[in-house]
Amino acid sequence: MSSTSQKHRNFVMEPMGDKPVTELAGIGPVYGGRLTEAGFDCAYVVLGQFLVLKKDEDMFKDWLKDLTGATSKQQNDCFQCLKEWCDQFL
């Protein structure tokens, strides 16, 4: 199992609530700004897209890359963060 960042661990430890999109692992101020501009201002809105894409790794990563230009690592960090959160809370 790969190691996770502190940001990832913090995110998956508690309910999502109204956390800003930048609380997601792999999403910093630049990509967070791009997501916000596209209407994805809160982590739960990105979670909604993740669920609409049926938690499919390739489709979610492609969507994130196309929308924000996120790198492979950032795409993977965000996907794993949401996947683990869903495994724990859904």
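Rings of Phe, Tyr and Trp (its six-membered ring) pair if their centres lie within 6.5 Å; planes under 30 degrees apart count as stacked, over 60 as edge-to-face and the rest as tilted. By that rule you'll find six aromatic pairs here. This is a predicted model, where local features need pLDDT of at least 70 and side-chain atom pairs count only at pLDDT 80 or more, while totals for chains, interfaces and linings use all residues. Residues are numbered from 1 along each chain as its sequence is written, and side-chain values use heavy atoms, leaving out hydrogens and water.

Select F50 and F60 to begin. Their ring centres sit 5.4 Å apart with the planes at 85°, so this pair is edge-to-face. F50 belongs to helix 3 and F60 to helix 4 (helices are DSSP runs of H or I, at least four residues, numbered from the N terminus), so the pair ties together parts ten residues apart in sequence.

F79 lies in helix 5, so here the parts tied together are 19 residues apart in sequence. Both F60 and F79 are buried (under 20% relative accessible area, with exposed over 50% and partly exposed in between; 1.4 Å probe, protein chains only).

Last stop, helix 2, residues 29-37: Y31, G32 and L35 are its buried residues. On the other side, P29, V30 and E37 are exposed. Just past the helix, look for G39, with a positive phi of about 100°.

Note on methods: Helices (H or I, at least four residues) and strands (E, at least two) are DSSP runs, numbered from the N terminus.
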